[in-house]
Amino acid sequence: MSGNSSDDEIPTLVQPGNTAVEQDEDVPQLVDTTADAPPSTKVPITIVTGYLGAGKTTLLNYILTEQHGKKIAVILNEFGNSIDIEKQLTISDQDTTEAKPAPFVPLANGCICCSVKDVGVAAIENLMEHQGNFDYILLETTGLADPGNIAPLFWLDDGLGSSIFLDGIVTLVDAKNLLKSLDEGYGDEAEKLEERKRESEKDDHGHDHKGPLLTTAHLQISHADVVLVNKTDLVSEDELKTVVERVRSINGLARIKTTNKSQVPQLEGVVLDLHAYDQVTDADLKFASKGHSHLDPTITTSTIAFPAISKHQLDAFDRFLRTILWEDELPDSKPHERFEIHRLKGRVPVVNGNIVLVQGVRNVYDTTEAKRENPDSNADAEGKLVLIGRGVDQPAFRESLLEVLGSS
Ligand SMILES: Nc1nc2c(ncn2[C@@H]2O[C@H](COP(=O)(O)OP(=O)(O)OP(=O)(O)O)[C@@H](O)[C@H]2O)c(=O)[nH]1
Ligand SMILES: [Zn+2]
């Protein structure tokens, strides 16, 4: 599915908990009628997120009017956050008939547009089934949506015979308001977050976990594969630079573009066809590892570099991933500050073997193996894990990983 990758990807582990099944790339593939449809028939979905008025709809309109030769289905999610879902529930108490999506609106260039209340894969597949073939799906979430909750829906079902695969998350931010949103939250979010924090502290074990504010703006940036810093016309060059640096300090993996009226001259590879969940390129990680800043007090990107691992360390490496992602702990209870991982990418060469590619969103992760171009050059082969989240910049991560690998 990755057209521009030189790596020959051999899937080994589809989901956490599954046993790894390695495919032999030399054996011609048997056609298994129960297996997934070939990747080429899967429709990519791009999630477009960003706060109210950041320019999401402007971007979708721009994409729809550009000459991309694609038949695009645009889906607007009306109720993507818990506050709205609560409202929705109280309404449906009186009206028990199932909420139906608004009909598709056909657009001049063969594209279609519709709005949904439920962003589940089944709901969207159902919609698509009734609307014929589309090459691409763009899903605009509500301004308060947390992409970390939406992404795994599409990403995981990809491996389960779904006709949709998650291509990437594009987050729009308003250059004029972003810094305020990060420091104070959207609207009255700061107040709500503080209140929630006070409540959760009550039932804690006497620890004080009062940290800097984690806003929706942080969540939308930390999960992004691309950040469009929009409304550049409303800020000075210096202000824009500050905003871009702040975004970069939060998410060292994302590609950042500045836009006016959400105009992205080159859509391919910037907004569309990112393959952000089925590739981990060396370039991605190299970029994230180029030093990092602490411009944002809440979320940072951190890179753990370590030597290539041996085949018998693979299980230990997986245990490390499981522990940090599923338990929010470091293996062997190494002392550490509390952390929370939003996004993870890794490339880990195996001595005399393949290269393990790791992708993670919150507590969901996936490892695949790709062939190494030069498996004999073990001397300078380095493993890299890039983490985005809260408290990920602790030396304890690397120490713990080396300890786990060493004891295997
Ligand atoms: N000055 C300026 N205005 C912009 C720019 N991009 C979009 N706008 C305007 O900002 C307003 C909001 O844009 P939308 O595209 O509707 O934003 P949205 O993110 O879809 O908003 P919601 O759907 O309400 O969450 C519109 O009036 C746009 O015309 C820009 O680059 N500069
Ligand atoms: Zn909109």
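Q: Quick one to start: is Ser262 buried or exposed?
A: Buried, with a relative accessible area of 0%. Keep in mind that this is a predicted model.

Q: Okay, and where does Ser262 sit in the chain?
A: Ser262 is in the loop between strand S9 (255-258) and helix H9 (282-289).

Q: What's the phi of Ser262 like?
A: Positive, about 55°, even though Ser262 isn't a glycine. Most residues other than glycine have a negative phi.

Q: What about Asn352, what's its phi?
A: Asn352 has a positive phi of about 55° and isn't a glycine either. You'll find Asn352 in the loop between strand S11 (340-349) and strand S12 (355-361).

Q: Is Asn352 buried or exposed?
A: Exposed, because its relative accessibility is 54% and the cut-off for exposed is over 50%.

Q: Switching to the metal. Which residues coordinate the zinc ion (ligand 2)?
A: Thr57, through OG1, and Glu140, through OE, at 1.8 to 2.3 Å.

Q: How far apart are Thr57 and Glu140 in the chain?
A: They're 83 residues apart, so to speak from distant parts of the chain: Thr57 belongs to helix H1 (residues 56-65) and Glu140 to strand S6 (residues 136-140).

Q: Why is the arrangement around the zinc ion (ligand 2) called irregular?
A: Because the angles subtended by the four donor atoms run from 89 to 163°. To count as tetrahedral, all angles would have to lie between 85 and 135 degrees.

Q: And Glu140, buried or exposed?
A: Glu140 is buried, at 11% relative accessible area. Thr57 is partly exposed, at 41%.

Q: New topic: helix packing. At what angle do H10 and H11 pack?
A: Helix H10 (residues 314-326) and helix H11 (residues 395-406) pack at about 140°, and their axes are 8 Å apart. The crossing of H10 past H11 is right-handed.

Q: Which residues meet there?
A: On the H10 side, Ala316, Phe317, Arg319, Phe320 and Ile324. From H11 come Phe397, Ser400, Leu401, Val404 and Leu405.

Q: How many of those are nonpolar, polar or charged?
A: Eight are nonpolar, one is polar and one is charged.

Q: Zooming out, how many helices and strands are in the protein?
A: Eleven helices and 14 strands.

Q: What share of the residues is buried?
A: Buried residues make up 49% of the 408 in the protein.

Q: Last one: what percentage of contacts join residues at least 24 apart?
A: That's 77%, counting contacts between residues at least 6 apart in sequence.

Key:
Residues numbered from 1 in each chain as written. Chains lettered and ligands numbered in written order. Predicted model: local features only at pLDDT ≥ 70, side-chain atom pairs only at ≥ 80, totals over all residues. Heavy atoms only, no water. Axes fitted to C-alpha atoms, helices over the stretch in contact; angles between N-to-C directions. Helix = DSSP H or I, 4+ residues; strand = E, 2+ residues; numbered from the N terminus. Left-handed = near helix turned anticlockwise from the far one by under 90°. Contact = heavy atoms within 4.5 Å. Nonpolar A, V, L, I, M, F, W, Y, C, P; charged D, E, K, R; others polar. Donors = N, O, S within 2.8 Å, 3.2 Å for Na, K, Ca; no water. Tetrahedral: all angles 85-135°; square planar, octahedral: opposite > 155°, others 65-115°. Buried < 20%, exposed > 50% of the residue type's maximum accessible area, 1.4 Å probe, protein only.
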